[in-house]
Amino acid sequence: MKNFIILFVFCTSFVSFGQKIKEDKNQIFFDGTAIAKVEKDKTGTQFTYTSLNDSNGIIANLKTHKIDAQNSKSWLVVTNLDGSKKTEVNFELLSFTLNYKKAIAELLAKKYNVFTANGLENLDTFFAEERPSITAEVDKLKEAGKVDEKQLSALNYQVHSTEKLIFSGFVPEDAFTPKYNDAERKEFMSKVVAKYDISMKQNNSPTPVLNVDISSLSGRVLVKAVERGGKFVVALTESNTTFTYVPSVKFVANDVNSTKSFIKELVDKTYLNGQKYMTLSEAEVLLSARRDDKIAKTNEAKLNSCNIYDQKGYVIDNKGVKLEGLLSIDFENITPKSSSSGMIDLDATGDGKGLKVSAKNEKGNFRIYNYKAKENVMFSIVNDDNTETKFKALLVKIETIAPKDNTALDLGALAGMSLASASWKYFKEVESTDKMSIYQDLPSNSYVIKIPTQEKGFQVLVKKGKEDKFLSKLKEYVGASIDSNDLEKIDYSNLEGLKNLSDLYSNFK
């Protein structure tokens, strides 16, 4: 543990500050209201943020310098759109997220006031402040050929600081219901630790030292543990008891499982020494926080998913009967990331095969109507601008491709594919003609073509190194209507190419 460990900040505290910042469909949202647009370049390190009316904007380049196998330094080089103004700031995560478009916006909003509820503001003030060039400092370190701890400290490196709930025993969801008596509830609570915080501090030593604090929900520090020469000196603050032990579990930077095992061992050690962690009333607050956390995680997962929830629209069944109401459909599973707190996350199944409509029946009462894709049903969502987004049920063999953030038809991202069988599900209508129609599979972002003479749709998915096999299957699907040479000339890596295919097929037909 002598190495200087650098980690991002993972923060799941109970009290949030400022507006709730989200990113969805290349827009930045404050408390559910869109305030800016964002685009990421192909490298995944350059992010362009512009106001909704394109009146101003910034470009943020994420830079990273790898120091060694465990440690790295990340910072942002921020310019205005024409590059005439530039500044650099340390990059840090203010909340746990893998979405860098959101993370950067959150940092610039909460630390530099660049994003506000009104959009992109205060850019003159932001660029006017003089800041040292982090790039120049890193370049100096590169030239020197080595990095020592004093230099790292001068560069303002972050330390690992987590504040999470953790459990050393099982606490049921309904712990405070009549199902359990007071003795049982106290037994549950005796096994609960409220919060832990891990940090690397200098502690008057040239070598950073690992520190762990365990606190109750009310903020009382109950356990303080400090690394000393590979051992941990542990103090139970409310009983004036101290002891030393050698951890059997090594703390590994940025490893969630390692952190959980490491903390659990410390929890078990201190509990064996007689420390109680929270009162029954504090535990009630804890359970309430768990419920709130589940709701928040589920709502965030819904916002970031391609699912539809209670959207105004209508459905037309296979008999031509139209029903208007609020439509909901799960195209993908919602599985918010679980934390080391032991919290159980809600999980919604989603395969795009079942549609639910909340509408009034003949008696004027609301009820839920269920429609299955295999019933050949179509539905349409009415957007805020009164335009419609149509969906149609198709029988298609869909192969799953990885990350939603990848371009759907990116040949380089499709090396590994899973086998799939044809099934009925709903697809978003992109372009529909009487000759050939184009649809989109929302979970994978891939596209599907459908011609009237074929029972099934055809997923346009080109695997790397198997382009010839794809063209052979496509030729088989469209028949002899298009010359093979013409098929080979089409660019299948984007939607425009598919539209060219549709035009070519329609003209030949």
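Phe243 and Tyr245 are both buried, where buried means under 20% relative accessible area, exposed over 50% and partly exposed in between, with a 1.4 Å probe and protein chains only. Phe126 and Phe127 are buried as well. The model is predicted, so local features need pLDDT of at least 70 and side-chain atom pairs pLDDT 80 or more, while totals for chains, interfaces and linings use all residues. Residues are numbered from 1 along each chain as its sequence is written, and side-chain values use heavy atoms, without hydrogens and water.

The structure holds 13 aromatic pairs (Phe, Tyr or Trp rings, the six-membered one for Trp, with centres within 6.5 Å; planes under 30 degrees apart are stacked, over 60 edge-to-face, the rest tilted). Two of them are tabulated.

| Pair | Geometry | Centre to centre | Angle between planes |
|---|---|---|---|
| Phe126 and Phe127 | edge-to-face | 5.2 Å | 65° |
| Phe243 and Tyr245 | tilted | 6.3 Å | 35° |

Phe243 and Tyr245 also belong to one aromatic cluster with Phe232 and Phe262.

Lys456 lies in the loop between strand S25 (446-450) and strand S26 (458-460) and is partly exposed, at 39% relative accessible area. A negative patch consists of Glu467, Asp468, Asp483 and Glu488. Asp468 sits in helix H8 (residues 467-478) and is exposed, with a relative accessible area of 65%. Helices (H or I, at least four residues) and strands (E, at least two) are DSSP runs numbered from the N terminus.

Key. Patch = residues over 30% accessible without salt bridge, like charges linked within 9 Å, V, L, I, M, F, W, Y side chains within 5 Å. Areas by Shrake-Rupley, 256 points an atom, 1.4 Å probe, with all protein chains shown as cover. Salt bridge = Lys/Arg side-chain N within 4 Å of Asp/Glu carboxyl O. Lys, Arg positive; Asp, Glu negative; His and termini not counted. Charge placed at Lys NZ, Arg CZ, Asp CG, Glu CD.
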